[in-house]
Amino acid sequence: MTSFTAGLLVCAARWLRVGAVAAIAWPCIALAAGGTAKGEAIARQGANGAAACQTCHGQAGEGTAASGFPRLAALPAPYLARQLQAFAAGQRENPLMNAVAKALSPEDRAAVADYYASLPAPAAGAASASAAGSAPAGSASAGSAEAGSAAAGSAAAGSAGAGSAAAPSSGASGPAKGPSNGAVLASRGRWSEGLPACEQCHAPGGRGVGDSFPPLAGQPAAYIASQLRAWKAGKRPGGPMDLMAVVAKKLNDADIDSVAQHFASLPAKGGAR
Amino acid sequence: MNRAGLVGIGVVVAVIVGAVLVVGYRGPPDMREPAATMASAGGDARSKGAQGSQAGAPDLAPPAPEQPADRKASDATLAEGKAPPMPVQAPDRTAPAAQGAPRPAAKAAAAAFHPPAEDAMPSGELGDVIRKGREIFTDTPKAAAGFVGNSLRCSSCHLDAGRLPDSAPLWAAFVAYPAYRSKTKEVNTYEQRLQGCFEYSMNGKAPPAGDPLLVALQTYSYWLASGAPVDPKLPGRGYPKLAKPGQPPDFTRGAKVYEQRCALCHGADGAGQYTPQGHAVFPALWGPDSFNWGAGMGRISNAAAFVHANMPLGLGGTLSEQEAWDVALFMDSHERPQDPRYTKSVAETRKRFHDTDDSMYGREVGGKVLGDSGPPKRKLASSSRAGQAQAR
């Protein structure tokens with residue numbers, strides 16, 4: 001009972017802060033009504049002068065590798081909503097997205113976040129198909145991942161099946177070659193410098209976990225690299241506990257390119273655990 | 001319908017929405033009433049018995065200097081413990097303390113000994129077993145199925161696959177055995193020490209002596225220790241001990257630290273976070289899927305030392321020592337699987353194995369006696385979580 005009262009107080013405080021009951025209530029109702037319909041409409045047609053999301057992020061939210069537009073499909077809704085909020089407030093910088101996010105109301109942003117979160121992860125390799133150059137196909141067989149070699153193994157199997165981009169470069173890199181620098185950083189980190197493995201938070205194969213650790217698999221390499229550089233330069237908020245800023249500052253340029261290639265080459269769905 | 005009717009409907013909707021938000025805002029049950037009634041624990045890390053009379057340090061921390069028992073029950077700072085409700089997810093925010101210079105101790109230790117580089121693993125039969133040992137170490141629930149009763153991995157507490165100084169590295173443990181252990185009251189070999197990990201930290205059952213699993217883990221440890229002297233005091237061993245905290249560890253302060261620095265990954269309910277396939281990305285810190293009451297991490301001083309040196313991941317050294325003590329007490333003031341050494345009752349088990357301020361076992365927190373869950377229930381499906389996930 002006390003917690004109920006406390007909850008009501010919290011609730012009331014939120015309402016007062018936001019200034020309008022509707023701002024909080026509306027997304028809840030929309031969600032309850034199975035209403036990702038509004039989000040879908042925005043994604044397909046835009047709203048308030050903002051361009052349709054799918055123009056850049058692809059029909060199914062799979063992203064556009066060549067231009068580095070990120071995958072949105074199956075990312076956690078709270079994460080997407082926070083990013084839109086950060087773009088709208090100018091905390092996260094990107095001229096296109098700043099304009100779009102500002103044009104959307106808070107309800108619009110919540111709806112479109114819910115919509116993209118509800119989409120299935122894109123088919124393997126979609127975003128990585130045109131990921132630049134030397135995608136480390138051998139990388140996925142990095143073997144002894146911190147989080148388990150089975151994950152790396154299955155990732156390898158997955159990308160072999162579907163990653164058309166990864167296949168050609170595997171021959172080039174030679175069969176007996178060890179894992180790429182990016183694959184090592186992804187699965188083991190560089191603890192001599194206090195750098196955890198990416199997979200220790202973003203899950204084996206970069207599949208993501210929970211609301212705060214989005215998937216990396218199948219994100220365009222150009223996008224991953226640009227975000228790591230933005231964190232490193234202090235141009236993107238570091239996220240909870242500033243974790244990503246701390247991590248990115250321990251990466252050099254070669255690390256960033258290699259780890260971006262690595263995750264771009266991994267399948268976004270199927271086969272992992 | 002008239003306007004009054006519409007307003008009425010609006011009110012009803014608002015109330016429903018409010019109720020939904022309320023539900024979403026409640027903390028997990030065990031955090032809602034944490035009012036601990038016992039004196040706080042862990043007042044003195046070096047109090048007699050704190051060092052090893054109960055669970056072994058996750059690796060086997062060096063023996064503590066013998067000091068007279070300091071059992072003065074500290075004040076009842078827990079008495080009013082009330083944890084605030086925990087937001088399940090933290091918003092993007094920049095934490096002030098996040099950029100502290102991490103791990104000075106680790107660097108000093110690292111200068112003393114470096115295990116061989118990963119890619120220097122030998123090939124051939126020996127190399128195969130070394131690699132097998134590494135796999136068991138980092139993927140324990142799968143690679144050691146049948147001997148593991150939770151979803152932790154050895155590398156959950158021994159970071160960097162057992163290589164990292166000040167994170168109970170295997171290379172330092174390997175050269176510290178055989179050793180007398182107050183936990184077992186006898187001289188144990190390294191293999192026996194590994195068996196203890198399975199029984200307590202993994203809440204499982206020990207593989208029999210000579211089992212290929214233990215052979216592989218020993219072989220991996222041996223390889224990591226290449227070039228190290230036989231020395232139980234190798235710098236970097238165990239977790240760096242913290243001095244006695246300025247204030248007795250406090251549940252309420254600990255709950256706040258937990259909310260701000262731990263819940264993002266380990267969850268407001270301490271249950272960790274899992275892939276849909278049941279793989280624990282972030283291990284459970286308490287509850288049925290965590291280490292049991294006999295594990296070294298259940299010792300507050302030991303947990304505080306681990307947390308201070310290594311948590312949050314990548315931000316080791318950024319919590320104050322006081323914060324580490326507080327949050328360690330908080331973590332170890334939650335229910336977890338029974339101590340496998342359980343005798344007839346919690347009280348007697350506490351007396352035999354936990355009779356120190358360093359353990360909350362058998363003490364009352366939030367109106368319940370910790371550990372009062374009856375004899376151990378062993379289920380070794382290895383991944384209870386994975387089972388659940390598949391059932392869904």
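Because the model is predicted, local features need pLDDT of at least 70 and side-chain atom pairs count only at pLDDT 80 or more, while totals for chains, interfaces and linings use all residues. Residues are numbered from 1 along each chain as its sequence is written, chains are lettered from A and ligands numbered from 1 in the order in which they are written, and side-chain values use heavy atoms, with hydrogens and water left out.

Chain A contains 14 helices and zero strands; helices (H or I, at least four residues) and strands (E, at least two) are DSSP runs, numbered from the N terminus. Chain A has 273 residues, of which 52% count as buried, that is, under 20% relative accessible area, with exposed meaning over 50% and partly exposed lying in between (1.4 Å probe, protein chains only). Among the contacts in chain A with a separation of 6 or more, 68% join residues 24 or more positions apart; a contact means heavy atoms within 4.5 Å.

In chain B, the axes of helix α9 (residues 190-201) and helix α10 (residues 212-224) come within 10 Å and cross at roughly 115 degrees. Axes are lines fitted to C-alpha atoms, for helices over the stretch in contact, and angles run from 0 to 180 degrees between N-to-C directions. On the α9(B) side, Y190(B), E191(B), L194(B), Q195(B) and F198(B) take part, and they meet L214(B), L217(B), Q218(B) and S221(B) of α10(B). By class, this contact has five nonpolar, three polar and one charged residues.

Two cis peptide bonds are found in chain B. One runs from Y177(B) to P178(B), with omega near 0 degrees, and P178(B) is in the loop between α8 (170-174) and β1 (179-181). Another runs from M311(B) to P312(B), with omega near -15 degrees, and P312(B) is in the loop between α13 (300-310) and α14 (321-331).

Positive phi values also occur in residues other than glycine. D166(B), in the loop between α7 (159-162) and α8, has phi near 65 degrees, and D166(B) counts as buried because its relative accessibility is 6%. N203(B), in the loop between α9 and α10, has phi near 45 degrees; its relative accessibility is 8%, so N203(B) counts as buried.

Conventions
Ala, Val, Leu, Ile, Met, Phe, Trp, Tyr, Cys and Pro count as nonpolar, Asp, Glu, Lys and Arg as charged, and the others, Gly among them, as polar.
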